[in-house]
Amino acid sequence: MPDLLLELFSEEIPARMQRKAAEDLKTLVTNALVDAGLPYEGAKAFATPRRLALHVAGVPAGSAATREERKGPRVGAPEKAVEGFLRGAGLSSIDDATIQTDPKKGDFYVAVIEKPGRSAIDIIGEFMPGILRNFPWPKSMRWGTTSTRWVRPLHSIIATFGPETEEPDVVPFEFDGIQSGKTTRGHRFLADTAFEVRRFDDYATGLEKHKVVLDADRRKEIILADAKDRALALGLELVEDPGLLEEVAGLVEWPVVLTGSFDEAFLEIPDECIQLTIKVNQKCFVLKDPNTGKLANKFVLISNIVAPDDGKLIIAGNEKVIRARLSDAQFFWQSDLKTKLTDNLPKLSDVKFHEKLGSVGERVQRLIALSAELAPLVGADAEKAKRGAELAKADLVSAMVFEFPELQGLMGRYYATAQGEDASVAIAVEEHYKPQGPSDSVPADPVAVSVALAEKLDLLAGFWAIDEKPTGSKDPYALRRAALGVIRIVLENNLRLKLGELILSALNAQSAKTDNAEALVADLLSFLADRLKVHLKDEGARHDLIDAVFALDDQDDLLMVVKRVEALGAFVSSDDGTNLLAGYKRAVNILKAEEKKDGKPVSGKPHADHLQEQAEIDLASAIDTARADAADAIREENFEGAMEALSKLRAPVDTFFGDILVNADDPVLRMNRLQLLSEIRDATHVVADFSKVAG
């Protein structure tokens, strides 16, 4: 079957836009093919700095003819209904329709719409200009005298279509005065000549001959392998950076890896500052000494040309820029060290956190109070927790963080350490932002834990107080991330916390006062519960078991909620649990049917004098024992023990349903037995709502 090859050749496309643009091209074209009745076998998109390309394999030579019968209004229907039917069916007159008879509905009009098959080349040539005209670039530009927009000036378009065994045809169309063809150009500097292509195989091969590596992933592999080899030759290791690798692969069509160096004096700067300076300013990788783990005064740069002097001039140019930028970083570092973090605190009063929530300085005071409240609950020293909270935001007004905001917290730790602060305080300054995502680590030091929890609870309480909650997919203040951070800190540190009380403290401390604190606490706890459900599902817990536990009251002790879910999961997967669940479901179904019939719920304890059969006597006794034992175990937070207590109901429940007729003729006996079933329901609800457990 024929293949389709497309290439859009332009000036340099920003690296950050390339991969998505290639996928957008693939999606738009393949969707248009399918919509036109041209299913395909496979498609792959490519991007380099100067081109987007798409290869679609196994496209039919043409669309099949179609015949559709479209039912219309009844004969004799109002004129407007008939006119609408004619327009929709594309008929010029009702005489072009046929009349069919339905034995029940009578005569009605039917339009037979026949569409002949069309050449794939014609179809593609029709939809391509529209795709290009409406291409979803994040930013685009106009050039020349036309109103057409593209990310950068577009120079040529390749569009060929045909089977492997034949000379492909050019798909004829025009966009912005550019006629589609089969000619492209090679590398701007190394092989800037035009050449013709026929289909994808010789296109990719031709580009390679003209110093262009088409596949971005292959360019990444080349860069990574060569960079590691260069580092190894120097006795060093490459500090890998996936984001930077993706970016530099989008800056070159023919990657050439070179190494440069900088003055060893700059190594006094923290490694993270050096790496970020070199990355941001020159898109270069840094190298480290494998023996010490510290950075070396070497870097790896990626060139887009093979220079006649082996890259000496390119290396020198990069070294000059990096030297200047590292000089700036060294100045920031040294000047920041001369200023104590405590001297930065008054400046935080001039930094607005949020117009309704006051300044960062005001927020720091809230963090100090909340960290002190949390400290004894998480095993931290209260004074150290207060000090960590006091200094947590002090680096925000430092010169280094002003230049590189992503270093906030980390620089605070460096400055705190250099100024002799306690190690736990310095760790808290860095880690109070953590975790910042699902893959980020969680604070473990108790002082850091207290400050990190205070940071997130204050954030959540503040935005709840001013009614700036997440809505749908919008979460501008990353409150879902903050909630997940609270959950992970609590669970991974095995913390027993009553979050409702802590949230209330955080709400009462807000500059935005509220009169409905209790309602906000309940709402925020519900939000945390929803996040916990998502977290547990991601960890593999069954959603029905989560719902069964969350159906109970008092769910602000997250660690206990998780332990209940784990214990319930182990129980229902056992034989005793499976059989007891089946008995519970049977009891509940009988109760529901009878309650619906009687119009009122079954309540009250069964009367001992009305227990006639041994099976019901044994069940009543077993329920009393199991409920008491389960309640005792719950009070001791022994959830496995509570499940074990319930498991003892299995045999008497099985015997009861085997020997006893619940719906006895005697109404007194019948009600007594229904009350016994109600006791089964109530006993199991001590540990979870079994009605929500599947099975």
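This is a predicted model: local features need pLDDT of at least 70, side-chain atom pairs count only at pLDDT 80 or more; totals for chains, interfaces and linings use all residues.

In which loop does P435 lie? P435 belongs to the loop between α14 (423-431) and α15. Residues are numbered from 1 along each chain as its sequence is written, and side-chain values use heavy atoms, with hydrogens and water left out. The element names follow DSSP runs, numbered from the N terminus: helices are H or I runs of at least four residues, and strands are E runs of at least two.

Let me return to the loop. K434 and P435 are joined by a cis peptide bond, with omega at about -10°. K211 is found in the loop between α4 (200-209) and α5.

I now turn to the empty spaces. Rolling a probe the size of a water molecule over the atoms shows where empty space is left. The search uses a 1 Å grid over the protein atoms alone: a cavity is a set of points where a 1.4 Å probe fits but cannot get out, whereas a pocket is an open set with protein on both sides within 12 Å along at least five of seven lines, and lining residues have an atom within 4 Å of a point. Grid points are joined across faces, edges and corners, and a volume is the space filled by probe spheres set on the points.

The largest pocket holds about 850 Å³ of space. Its lining comprises 32 residues, and those nearest the centre are P405, Q408, Y433, Q436 and R481. At least two lining residues come from each of α7 (271-282), β17 (352-354), α10 (360-378), α15 (446-465) and α16 (479-492). For residue classes, Ala, Val, Leu, Ile, Met, Phe, Trp, Tyr, Cys and Pro count as nonpolar, Asp, Glu, Lys and Arg as charged, and the others, Gly among them, as polar. On that basis, the lining of the largest pocket has 15 nonpolar, four polar and 13 charged residues.

The second largest pocket has a volume of about 300 Å³. Of the 20 residues that line this pocket, Q18, R19, A47, A216 and E246 lie nearest its centre. Two or more lining residues are given by each of α1 (15-35), β2 (42-48), α5 (216-233) and α6 (242-249). Which element supplies the largest share of this lining? That element is α1, with six residues. By class, the lining of the second largest pocket has eight nonpolar, two polar and 10 charged residues.

As for cavities, the structure holds one of 30 Å³ or more. The largest cavity contains about 40 Å³ of space. Its lining residues include D3, L4, H55, F161 and R199, and β1 (3-10) and β7 (154-162) each supply at least two residues of that lining. Five of the lining residues are nonpolar, three polar and three charged.

Finally, the helix contacts. Two packed helices are described by the angle between their axes and the distance between the axes. Axes are lines fitted to C-alpha atoms, for helices over the stretch in contact, and angles run from 0 to 180 degrees between N-to-C directions.

α16, already named in the largest pocket, packs with helix α20 (residues 558-572) at an angle of about 70°, the axes being 9 Å apart. α16 and α20 are therefore roughly perpendicular to each other; angles of 65 to 115 degrees count as such, under 35 as roughly parallel, over 145 as roughly antiparallel and the rest as oblique. In this contact (heavy atoms within 4.5 Å), I487, V490 and L491 of α16 meet L558, L559 and V562 of α20. The contact of α16 with α20 has six nonpolar, no polar and no charged residues.

The axes of helix α21 (residues 575-598) and helix α25 (residues 667-684) come within 9 Å and cross at roughly 130°. That angle makes α21 oblique to α25. The residues of this contact divide into eight nonpolar, two polar and five charged.
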